[in-house]
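Dear colleague,

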Amino acid sequence: MSAPVHGLLLAGGRSSRMQRDKAALEYHGRSQLAHAWELLSAVVERAYISVRPDQVDDPVRRAYPQLVDQRQDLGPLAGILAAQARQPRAPWLV
């Protein structure tokens, strides 16, 4: 029996080059995060969004199941490490 696939949406970026939160950009009439979440959660057993500790209560992100980065300054790798720590035997779609 194979383990169920989990999904991770990397939504904890600083958006430093864009200078505004990419997750909050409007896309198809809603936030880019909401659109991406709908696509991801439709194809995996469980889905999470990756966030930095300072984003846990962010209005754009707080409605979704979160995995909080445990290490700083690793970029997307911090989210992937948090996911593997949470469910180390699960296959992840990132």
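What follows is a short account of the fold, the overall dimensions and the strand pairing.

This is a predicted model, in which local features need pLDDT of at least 70 and side-chain atom pairs count only at pLDDT 80 or more, while totals for chains, interfaces and linings use all residues. Residues are numbered from 1 along each chain as its sequence is written, and side-chain values use heavy atoms, with hydrogens and water left out.

The protein contains two helices and six strands, these being DSSP runs numbered from the N terminus (H or I, at least four residues, for helices; E, at least two, for strands), and their order along the sequence is β-β-β-α-β-β-α-β. The radius of gyration, taken over C-alpha atoms, is 13 Å, close to the 12 Å that the globule rule (2.2 Å times the number of residues to the power 0.38) gives for 94 residues, so the protein is as compact as a globular protein of that length. Along the principal axes, the C-alpha atoms fill a box of roughly 45 × 30 × 20 Å.

Of the 94 residues, 36% count as buried, that is, under 20% relative accessible area with a 1.4 Å probe, protein chains only. Strand S4 (residues 46–51) is mostly covered, with five of its six residues buried.

S4 pairs in the parallel sense with strand S1 (residues 6–10) over five bridges, and also in the parallel sense with strand S5 (residues 66–68) over three bridges; pairing requires that DSSP finds at least two bridges between two strands. Serine 50 in S4 is the bridge partner of leucine 10, and the bridge partner of serine 50 in S5 is leucine 67.

With best wishes

Technical notes:
Buried means under 20% relative accessible area, exposed over 50%, partly exposed in between (1.4 Å probe, protein chains only).
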